Amino acid sequence: MHLGMINQRGIDQLNRQIKRPIITNADQSWHVFLPNAPSPFFGRDHFVVRVAELLLNRRHVTLCGPGGIGKTSLAKAVIHDSLIAERFRNRRFFTSFDGMDTTQISTRTVREQVCRAAGLDGRFNERWEEVMAFLTREDTILVIDNAEALAATRNADSMTRILDDLASSPSIVILVTTRSKYTFAPYLITQVVSVPTLEYKYAQETFEYLCPQQIPTDVIDELLHGVNNHPLSVNLLARLAAQHE
Ligand SMILES: Nc1ncnc2c1ncn2[C@@H]1O[C@H](COP(=O)(O)OP(=O)(O)OP(=O)(O)O)[C@@H](O)[C@H]1O
Ligand SMILES: [Mg+2]
């Protein structure tokens, strides 16, 4: 701004900005909750690389697929990928709306969740502009897990606006997981990655990892075939088999 153009209003505005309390790293709790890398986790190496590359190229990514297909597991693996960890370090934040009652989700709860994911007190949601300034100050990755819950709320438009705001910052990349790609945040431009079922050999590896007892291969084949190598189903079957063998 040309100095000659500064009037009282401009001065007031600058004054407000200077006086405004600023949220800093010191406001973060010493430990930002980050979920562990998934285990067991087989057959997704190329997906991890692909999603990490997209994120490193500053693209927002949506992992899409039916319940139990492995979206959350993939997101967890991505935030622990070495290149992602190196780039974003302690600015890797994970928030989940898994199992949340959609009637209880409001703008406030979403903001609270994002604050907590960033290691901030949930009450900072009332200082959202500052939270946004904090989030956009450094390269940050934000995982929004089970985002279909946001689309199912009464005020889905407000949710979309929060996410659009975050997504519009050049320093933030967003990794969304959702069961339904069409209903979620239509303005948030993301690269959609559909998560498929496991290849047979990896379903088999998962089964054998969780159920080390000797079970005839043709029995395992039949079980896996029956659930189409669906990761959650394979996990459940293997755990059951391990208990009953
Ligand atoms: N690649 C994999 N190898 C072995 N097990 C896996 C793999 N991916 C996911 N699983 C297992 O499958 C189950 C479901 O995975 P996950 O929770 O990631 O699914 P999801 O797509 O996020 O489901 P939802 O839509 O319900 O949130 C978990 O028990 C997880 O450990
Ligand atoms: Mg999930």
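The points that follow concern a predicted model and take up a strand, a helix pair and a ligand site in turn.

1. Strand S1, residues 61–64, is covered on both of its faces. Val 61 and Leu 63 lie on one side, Thr 62 and Cys 64 lie on the other, and all of these residues are buried. In a regular strand, side chains alternate between the two faces of the sheet.

2. S1 has parallel pairings with two strands. With S4 (residues 172–178) the pairing runs over four bridges, and Leu 63 is placed opposite Thr 177 of S4. With S5 (residues 191–194) there are likewise four bridges in the parallel sense; here Val 61 has Gln 191 as its bridge partner.

3. Helices H9 (residues 200–210) and H11 (residues 231–244) pack with their axes 8 Å apart, at an angle of about 30 degrees. The crossing of H9 past H11 is right-handed. On the H9 side the contact involves Ala 203, Thr 206, Phe 207 and Leu 210, and on the H11 side Val 234, Asn 235, Ala 238, Arg 239 and Ala 242. By class, these contact residues comprise six nonpolar, two polar and one charged.

4. Ligand 1 is surrounded by 23 residues, of which Gly 70, Lys 71, Thr 72, Ser 73 and Pro 231 are the closest. Helix H3 (71–79) contributes at least two residues to this shell, as does H11.

5. Which classes of residue make up the shell around ligand 1? The shell has eleven polar, eight nonpolar and four charged residues.

Technical notes:
Residues numbered from 1 in each chain as written. Chains lettered and ligands numbered in written order. Predicted model: local features only at pLDDT ≥ 70, side-chain atom pairs only at ≥ 80, totals over all residues. Axes fitted to C-alpha atoms, helices over the stretch in contact; angles between N-to-C directions. Left-handed = near helix turned anticlockwise from the far one by under 90°. Contact = placed C-beta atoms within 7 Å. Nonpolar A, V, L, I, M, F, W, Y, C, P; charged D, E, K, R; others polar. Buried ≥ 20, exposed ≤ 12 C-beta atoms within 10 Å, placed from the backbone. Pairing = 2+ DSSP bridges. Near = placed C-beta within 6 Å.
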